[in-house]
Amino acid sequence: MIDIHSHILPGIDDGAKDLSESLALLNIAQNDGITHMVATPHIHIGRFNNSVTQLYNDISTLKAQVLANNINIKLAVAAEIRLDVELMSLVLGNKLPFIGTLDSVNYLLLELPHSHVPQGYDKFINWLAKKNIKVVIPHPERNRDIQSNPFYINHLKQLGCDFQLTASSIEGSWGEIARRISIDMLEKGLVTYVASDAHSVKRRPPILSNAKKIVTNLIGENKAYDLFFTNPMLLTESLFNE
Ligand SMILES: [Fe+2]
């Protein structure tokens, strides 16, 4: 399986605290059958001001450690970027890492605030589209505005967004509402990716296999394969070749 959303880089956001936790997370992932992971630390202006240069430095250090520790997982780096109007200057300056490129279109993993869908989100997504950038929305099922008004899902889809569910939401770890929205989106064919959003060994480990079983029972083996293998690989293939 290919995990396109994880906080495994040590000490740069609220994910892995240090190198030993990064390696522990990678071992958990390997045991779960994950072969490729994209590290997606937060870029959240004013909270986690991570630069592309720092991310590239950190991933090459982690890759060396993975080799040294005989962990058989391929690594790449992108970021989970918090929606903020100030992102415009970073986009114009080419200072945001993409989660992948498909058919010459660049994709951003663009996180909504957890509490709400901010005003002007549609204008910002349309502005990105004009810059040849499409949006992947991580964990829509955990957003409180979306939970109380699932209309947002349809509107985001109309704007051209793709959706990535959290594996543990499908298992019910984020509550019944998040689980129900996840199942509903899966049944309606609105999901393109499932990822772990791993943060720590205890709180949120990188485990996809349990969710994959549930998704397979729900929509069948072929469609489940797309969400855990084919779609994430197509999106991120270029990152792993860098
Ligand atoms: Fe995340």
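**Exercise 1. Find which exposed residues sit on the face of α4 turned away from its buried side.**

Solution. Start with the ground rules. This is a predicted model, where local features need pLDDT of at least 70, side-chain atom pairs count only at pLDDT 80 or more, and totals for chains, interfaces and linings use all residues. Numbering runs from 1 along each chain as its sequence is written.

Step 1: α4 spans residues 121-130, with helices (H or I, at least four residues) and strands (E, at least two) taken as DSSP runs numbered from the N terminus.

Step 2: pick out the buried residues, Tyr121, Phe124, Ile125 and Leu128. Buried means 20 or more other C-beta atoms within 10 Å of a residue's own, exposed means 12 or fewer, and partly exposed is in between, with C-beta atoms placed from the backbone.

Step 3: look down the axis of α4; the buried residues fall within an arc of 95°, so they line one face. The arc is that of the directions from the helix axis to the C-beta atoms.

**Exercise 2. Work out how α8 and α9 cross.**

Solution. Step 1: take α8 (residues 176-187) and α9 (residues 209-219); their axes come within 10 Å and cross at roughly 50°. Axes are lines fitted to C-alpha atoms, for helices over the stretch in contact, and angles run from 0 to 180 degrees between N-to-C directions.
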